Amino acid sequence: MDGLNALLDGMSAALTPMNLLYAFFGVLLGTAIGVLPGIGPAMAIALLLPLTYTLPVEQAIIMFAGLYYGGMYGGSTTSILLNTPGESASVMTAIEGNKMAKAGRGAAALSTAAIGSFVAGTIATFCLALLAPQVVKVAIQLGDPDYLAVMLFAFVAVTTVLGSSKIRGFASLGLGVWIGLIGIDPTSGQQRLTFGIDQLSDGIDVVVVAVAVFAMGEALWIAAHLRRAPARITPIKGRWMTREDLSRSWKPWLRGTVIGFPFGAIPAGGAEIPTFLSYISERKLSKKPEEFGHGAIEGVAGPEATNNASAAGSLVPLLTLGIPTTATAAVMILAFQTYGIQPGPRLFQDQGPLVWTLIASLLIGNAMLLLLNLPMAGLWAKLLLIPRPYLYAGILMFASLGAYAANGSPFDLWLLLFIGGLGFAMRRFGLPVVPLIVGLILAPRAEVFMRRALQISDGHLSGLVNTTFSKVVYVLIALLIVAPFIWSRVRGRRTPPEGPVGPSSPTTGADDARVHANTEGA
Amino acid sequence: MSDQVQKRGEGRSEYGVSLLLLALGIVAIVDALGLIERGARGFMTARTVPMFVGGLLILCAVLLAVDIARGGRGEQEEGEDVDLSGGADWRTVALLAAAFAFNAAFIDRLGWPITGAVMFFGSAYALGNRHYVRLAVISVALSLVTWYGFFLGLGVKLPAGLLDGIL
């Protein structure tokens, strides 16, 4: 129960007026950013990284935590009222949520999403507080080969789980690792891939790359395909929450929490699969399955709870192992690193109070979000009317500020433009951006672990697999790569090839099914 | 995703990604060959990691090319403000890039209050804003506010350029 005691200490640290103010600022900004089209929490934190130059670490982290949770609340408002989800995690919410809004039950959809997010977020944050110290106990005993194995697992998981095309995921990972090579080789001190350019000898600042792929790439991509017709916002109508709504919602909330948290906690990234699982299980368990596709409240309650629970879950690998599995988690790591803090097992020893203040402020922020969102959803929806030229011009402006302020050199601005162009191309050709950023952050560290492991074994490759833990992880990696192929083989034998599947190469079972869920729901 | 059927013959540009990966892979390997070995033992030398990454990228390039040849297409990213029914609007993208490049080229000489304002004005114009006066006022105000905000709030002195001493 040491987790709970530490959490109480964290709570008292987080409850100072100043820290509450930053938490409030974070959730306020997070909600606004979640509602605004085109900006997600990852981009928002990337653009706010300059704040880390002056804010004390505690307050910056508290604010970013608020942003993280707030972005999801805002995101659900957008997907319910607009039916064009910005993030993959809210695709499932949009299906039923927008149907509800159109049927005049928008208020009920918004409240089941908000209360469900609150319930799931709170339970999952407590789970995080209980689980994280246990994971740390294991993680602290891990050696270099074990860490290398876990990082490789994260690479494979992030690339195979996200998106529909594995090869494009690996290509993106490769690009990130390649960028990570630039700079000075840590052991021999020689320059790698610097092409004699002075500014490259320290490597490319990860902050610049993050701002480039998340903000520049996104802004350029949207600019090229800007929807000229004004957005059609479904007005919020109906009663907020009836007794019947509540009785139909509470079980999906709890089930969503149970599905979401473990999926976030294993370093496999993304709320895409758990929200989908939640959606189909709610459809199966519902007493009124005929309502699905026409605005079933369970179809909003379940995935929305899952989404938040998995976000809390993804903080487990982030804080205990230093492994980011989502875009937002990756940018959060950058925030830690600008303070010279490396998330990982020692974080809980070295920075215990900071970690527990962070977890406590997640709970506080979550409660604030409920109060902020329920009564004010209509007001937030007004943000959807912001003129797009101002919005995207503003994103470009803050992107260049963030990149320039990092080193005060115009060279970074050119890099930003260049890598932003890469981000544009990745969006055009269906390369997911998360593997790139995860590869860029983790690969240099994986290299260090590999070198150390090999130094101990005097250069023998067996040094990479000489622990039980690492062997188990490598087996899991093999399974992760091979299983989808076997799965689709088996499915292919049982059922005749069905309808048009996505345009991309080998799809997993879940992807197949998702295509169907989408077409049925739409 | 399923209603977005790709037209045949449109796939040629997809090979560009494959070529990029191939080129980067080759660059990594060539660069690695230029590294000098110093007291390396066994499997791990200074060249190992970059060679491995280069090889991986080349492998990705080949597999991707195979996938494209077999009809695989990248799924274009969707979003709230994204309308994929038409083609890309290259004029807007080019204008945005130009506005951004202007800032990158002149920020040190002219100063952020000027280049930032020009960039904001140019970007919003590129994206279709035609309220010139209002836009100009907002642009100047934003660049001044951010300059003072970074200076007073964050202690980061953005270049003042021509306005040095006035601000």
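D81(B) is in contact (heavy atoms within 4.5 Å) with P37(A), I222(A), H225(A), L226(A), R227(A), R388(A) and Y392(A), leaving aside residues up to four places away in sequence. With R388(A), the side chains also make a polar contact at 2.4 Å; the term stands for a pair of N or O atoms within 3.5 Å where, within protein, one must be able to donate a hydrogen and the other to accept it, and residues adjacent in sequence count only if both atoms are side-chain atoms. D81(B) itself sits in the loop between α2 (48-69) and α3 (90-110) of chain B; helices here are DSSP runs of H or I with at least four residues, numbered from the N terminus. Its relative accessibility is 5%, so D81(B) counts as buried (under 20% relative accessible area; exposed is over 50% and partly exposed in between, with a 1.4 Å probe and protein chains only).

All this comes from a predicted model, where local features need pLDDT of at least 70, side-chain atom pairs count only at pLDDT 80 or more, and totals for chains, interfaces and linings use all residues. Side-chain values use heavy atoms, with hydrogens and water left out, residues are numbered from 1 along each chain as its sequence is written, and chains are lettered from A and ligands numbered from 1 in the order in which they are written.

Now to the rings. Over all chains, the count comes to 11 aromatic pairs, a pair being rings of Phe, Tyr or Trp (its six-membered ring) with centres within 6.5 Å, called stacked with planes under 30 degrees apart, edge-to-face over 60 and tilted for the rest. One of them joins Y147(A) and F449(A): the centres are 5.1 Å apart and the planes at 15°, so this pair is stacked. Y147(A) belongs to helix α6 (residues 144-161) of chain A and F449(A) to helix α19 (residues 434-456) of chain A, so the pair links distant parts of the chain, 302 residues apart. Y147(A) is buried at 7% relative accessibility, and F449(A) is buried at 11%.

W221(A) and F424(A) meet edge-to-face, with centres 5.4 Å apart and planes at 70°. Helix α8 (residues 206-224) of chain A holds W221(A) and helix α18 (residues 410-428) of chain A holds F424(A), so the pair ties together parts 203 residues apart in sequence. W221(A) and F424(A) are both buried, and together with W90(B) they form one aromatic cluster.

Technical notes
Helices (H or I, at least four residues) and strands (E, at least two) are DSSP runs, numbered from the N terminus.
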